[in-house]
Structure formats: C-alpha cells, structure tokens
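Subject: Structure handover

Hi,

My notes on what turned up follow below it.

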Amino acid sequence: MLERLITSTTTDWPVGDARPGALLTPQGKIIADFLAIRTGEGVLLDIHRDAVEDLSKRLKLFRLRAKVDIEPLENAIVVAGIEPAEHGVRPVSGAQLVYIDPRYPGGRLRAMADKTEWRQYHGHEAEWSLPASDHDLDRIVSGIPEWGFDYRAAEVFPADVNLDRLGGVDYKKGCFVGQEVVSRMYRRGKIRKRTFLVTGEALSQGAAFEADQALGVITSVSGERGLCLLRLDRFARAELTGHQTLCNGSPADLLKCRQDWMDEEIREAYASD
C-alpha cells in the first residue's frame, strides 16, 4: 500500500531499517514527513505529534480494500540521540524499538517506547529527556529541517527542505502522490529553493536573510546557527556581485555543509534564471 503513496521506496526493505519519506499533496507539497521503520509485523511511522491525526486519516482514505490496520500509538514516545551511531543499533533500556536515523552524517540513534514503561526505567520526564535545545542545535548544524519546526503541512516541496538529498524521495520508483510535479521539477532543473545552514549573531526565526534583496527566510535557530529556506538563483547573484549577506541588519553567512551538491545546484539555478 505505501509503495504507491509515499515518496520513498518500500521494496527491498530489511526489518529494523528506517527510511525517511513523506506523503504529498497532488500538487507535490509535503503533507507530513516521517521516518518509516520496517518491523516484523508491518511499518511504524516516527512522525511529529501534530501531524499524526491528519496523516492517519489520509492513509485510511487510501487504504481502500487492502487488509491494513492504521492506528496511532497513543502512549508512544520517541527519544532522539545526538551522537553519531558509530557502532550501529544497540539496546536501550525501556525501549521497544531502536533504530538509526539515516538523515544525519554518521546516523543518530532513536528509540521508540511506551511512555509508561520508559518512565519506569528512566524516572520523570525532566530527568531523562535531553533539553530540546541540544536536539535543535544538532539537527540545525547537520542541516536537517523538520516538520513542525521549519515548516508545516502543504507549505513546502520536498526539495525545498532537502528531503530528496536526505534519502526521502526516490525519483526512479513508480507512482506516488504528487510524483508528477516533483519529478518534473527535478528533471527540468527547476529546483529554485533549498534549505541551508547559516550563522550570525542576530538570527531569529522568520527573519529575512538578505543582501541587495531578500534571499530567503530563517526557519529555525539555535544560538548563532540557523536554517534558511533560500532562493538559489538570488544567492548566486549576491555571491557574484560581492554583496554582504545580512540578517536583522547584522552580518550573516551561509555555510554549505554539504558542499558538493549545494554548489552545483546554486550554479544550475543561476544559469537557468
């Protein structure tokens, strides 16, 4: 069922393997994205809590006659690590499932657990949870935009938030909802926006990243690091003309944390402008 609906491939999928993906609108924008984990009984979706109800309803509409159960896990929680998963998956006390988030360089361990059972092992929430700021900084520095932080339903295309570059879109698979739009953008080189890491002393969420004109918008911030949804062609023009990039009137710099493809796409967007 999922193979004909979501952006990532669900074939040749080992048990325990987690894959990023999304369900799109017919116009190609992200309704909700997730990590999908293959289990012995089916698939679990690691998704932002605010998107659970809507995604569940939409998947049920697509179920038709397939013998598939789709239910939210009401008491489930996900705990995210911030260290590279150098030694692969390892047991975590109180977790029902441990898997690797492949979007990060080096991977990150994530644990899915029943909230009650987790607290029996780790005590009150304040004692076992990492500060949200630690996770935010790790994902921002790693160049990982997330639903609920950097965007919401039907606001962005997968390429805008680098989902294809993070392994969440298979352009070679069969049909999925919104495929015609996103595949056409990819084939014709019409990707105009990407999310980049920026640094500056005056970053704030929602502020403009600008030079002689607006280049993009800051979507999330942790200290002096932030993510910016950027117009590639405008940034390329600012680079060529030597304009200083700013945020809230103070110098701000774009960091190409995945240098190879970012440079290439900036050049392509400018050339096709």
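Glutamate 3 is partly exposed, at 24% relative accessibility. The cut-offs are these: buried means under 20% relative accessible area, exposed means over 50%, and partly exposed lies in between, with a 1.4 Å probe and protein chains only. Glutamate 3 forms a salt bridge with lysine 173; the closest N and O atoms are 3.9 Å apart. A salt bridge here is a side-chain nitrogen of Lys or Arg within 4 Å of a carboxyl oxygen of Asp or Glu. Helices (H or I, at least four residues) and strands (E, at least two) are DSSP runs, numbered from the N terminus. Lysine 173 counts as buried, because its relative accessibility is 9%.

Before going on, the ground rules. This is a predicted model, so local features need pLDDT of at least 70 and side-chain atom pairs count only at pLDDT 80 or more, while totals for chains, interfaces and linings use all residues. Residues are numbered from 1 along each chain as its sequence is written, and side-chain values use heavy atoms, with hydrogens and water left out.

How many salt bridges does the structure hold? There are 21. One of them joins arginine 58 to aspartate 54, with the closest N and O atoms 3.1 Å apart. Both residues lie in helix H1 (residues 52–63), four residues apart, about one turn of the helix. Arginine 58 has a relative accessible area of 33%, so it is partly exposed. Aspartate 54 is also partly exposed, at 31%.

Another salt bridge pairs aspartate 101 with arginine 103. Here the closest N and O atoms are 2.7 Å apart. Is aspartate 101 buried or exposed? Aspartate 101 is buried, with a relative accessible area of 0%. Arginine 103 is buried too, at 13% relative accessibility. Salt bridges with shared partners join Asp46, Asp101, Arg103, Arg110 and Glu146 into one network.

**Rings**

The count comes to one aromatic pair. Tyrosine 171 and tyrosine 186 make up that pair, and the pair is stacked: 3.9 Å centre to centre, with 10 degrees between the planes. The rule: rings of Phe, Tyr and Trp (its six-membered ring) pair if their centres lie within 6.5 Å; planes under 30 degrees apart count as stacked, over 60 as edge-to-face and the rest as tilted. Tyrosine 171 is in the loop between H4 and H5, and tyrosine 186 is in helix H5, 15 residues apart. Tyrosine 171 is partly exposed at 21%. Tyrosine 186 is partly exposed at 45%.

There is also a charge over a ring. Lysine 29 lies over the face of phenylalanine 157, at 5.3 Å from the ring centre. That term needs NZ of Lys or CZ of Arg within 6 Å of the ring centre and within 35 degrees of the ring normal.

Strand E7 (residues 193–200) is mostly covered, with seven of its eight residues buried. E7 pairs with strand E10 (residues 225–231) in the antiparallel sense, over seven bridges. Two strands pair if DSSP finds at least two bridges between them. Threonine 195 stands opposite leucine 229 in E10. E7 also pairs with strand E12 (residues 250–255), again antiparallel, over four bridges. There, valine 198 has leucine 254 as its bridge partner.

In helix H6 (residues 232–241), Leu232, Asp233, Phe235, Ala236 and Ala238 are buried. Their cover includes E7, strand E8 (208–210), strand E9 (214–222), E10, E12 and helix H7 (259–271). Contact means heavy atoms within 4.5 Å.

**Positive phi**

Which residues have a positive phi without being a glycine? Aspartate 12 does, at about 50 degrees, and asparagine 162 does, at about 65 degrees. Aspartate 12 is in the segment before E1 and counts as exposed at 70% relative accessibility. Asparagine 162 lies in the loop between H4 and H5 and counts as buried at 2%.
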